[in-house]
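Student: I'd like to learn how to read the links between side chains in a protein model. Can you walk me through them?

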Amino acid sequence: MFILSHLYKFAWRTKATHINTICITMKTTTISVFLLFIIFSITPSSFLFGVANATNEPVLDIDGNEVQTGTPYYVVSSIWGAGGGGLALGMPSRKKCPEVVAQRGSGDDGIPVIFYNSDSNDGVVRLSTDINIEFIPLRPRLCQTTTVWKVDDYDHSAGKWWVITDGVKGNPGANTLTSWFRIEKVNDLDYKFKYCPAVCGTCPALCNEIVRDSDGEMIRLALSTGHGWPFYFKKAKKLAREIQQVVHV
């Protein structure tokens, strides 16, 4: 609860409020005709279909295929060169465990991840839905913690939250709130991550973009109120057999 209370303060302190007031004067008869037109033009089914389409659009990998749960993918920066490479486990010198979500240099795809939906019956990763993200390391690790992403490790000097590991997979609810993330579209095959969990109906709303930032030692993922950093998803084909063996252990 300490983490959640500080996250709420962070969200309220940094959130900008924009209020646009539009005043429109219309004759009563004109309003009535307009409302009748809207009521008979938009059926409940067409309205629900539009909402479902916007929410449930599948996330696509770099080859244009739907991203599947339980399948390994590399998460690589869409901005090459100075924008860095893929995401991987990082181990800061000041605190080695749990590991953090770091970014490797350009040309390095990093370590593959696997996505898990809050709805375990859906095998496709979709936009704006709650997911767990888990690194699949292929080498022995020093840390005994999980490799599931979560929000933690508040930096008091910088006033920011980092994305680290040791999260909880599954069990959506208040106790796992820090382990749920979302994917939003940037353009055709580029996406960004958000921390905007909806797995707890009674919890205060939290919603932040996720960007890359430096902690003075490495480039890491952190919460921000700015624009999210773009990534693409590359299916791990070369080591698929070895990765799948790790996944099913």
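This is a predicted model: local features need pLDDT of at least 70, side-chain atom pairs count only at pLDDT 80 or more; totals for chains, interfaces and linings use all residues.

Student: How many disulfides does the rule give?

Tutor: A disulfide is a pair of cysteine sulfur atoms within 2.5 Å, and the count here comes to 3. Cys-200 and Cys-203 make one of them, with sulfur atoms 2.1 Å apart. Their torsion about the S-S bond is about 75°, so this disulfide is right-handed.

Student: Which parts of the chain does the disulfide of Cys-97 and Cys-143 link?

Tutor: That bond has an S to S distance of 2.0 Å. It links distant parts of the chain, 46 residues apart: Cys-97 is in the loop between β2 (87-90) and β3 (100-103), and Cys-143 is in the loop between β5 (131-135) and β6 (150-155). Strands are DSSP runs of E, at least two residues long, numbered from the N terminus. Cys-97 is partly exposed at 32% relative accessible area, whereas Cys-143 is buried at 3%.

Student: And what is the handedness of the link between Cys-196 and Cys-207?

Tutor: Left-handed, with -105° about the S-S bond. Cys-196 is buried at 16% relative accessibility, while Cys-207 is partly exposed at 39%. Number the bonded cysteines in sequence order and the pairing reads 1-2, 3-6, 4-5.

Student: Now the charged side chains. How many salt bridges are there?

Tutor: Here's the idea: side chains of opposite charge can pair when their charged atoms come close. A salt bridge is a side-chain nitrogen of Lys or Arg within 4 Å of a carboxyl oxygen of Asp or Glu, and the count is 13. One of them joins Arg-141 to Glu-99, with the closest N and O atoms 2.5 Å apart. Those two sit 42 residues apart, Arg-141 in the loop between β5 and β6, Glu-99 in the loop between β2 and β3.

Technical notes:
Residues are numbered from 1 along each chain as its sequence is written. Side-chain values use heavy atoms; hydrogens and water are left out. Helices (H or I, at least four residues) and strands (E, at least two) are DSSP runs, numbered from the N terminus. Buried means under 20% relative accessible area, exposed over 50%, partly exposed in between (1.4 Å probe, protein chains only).
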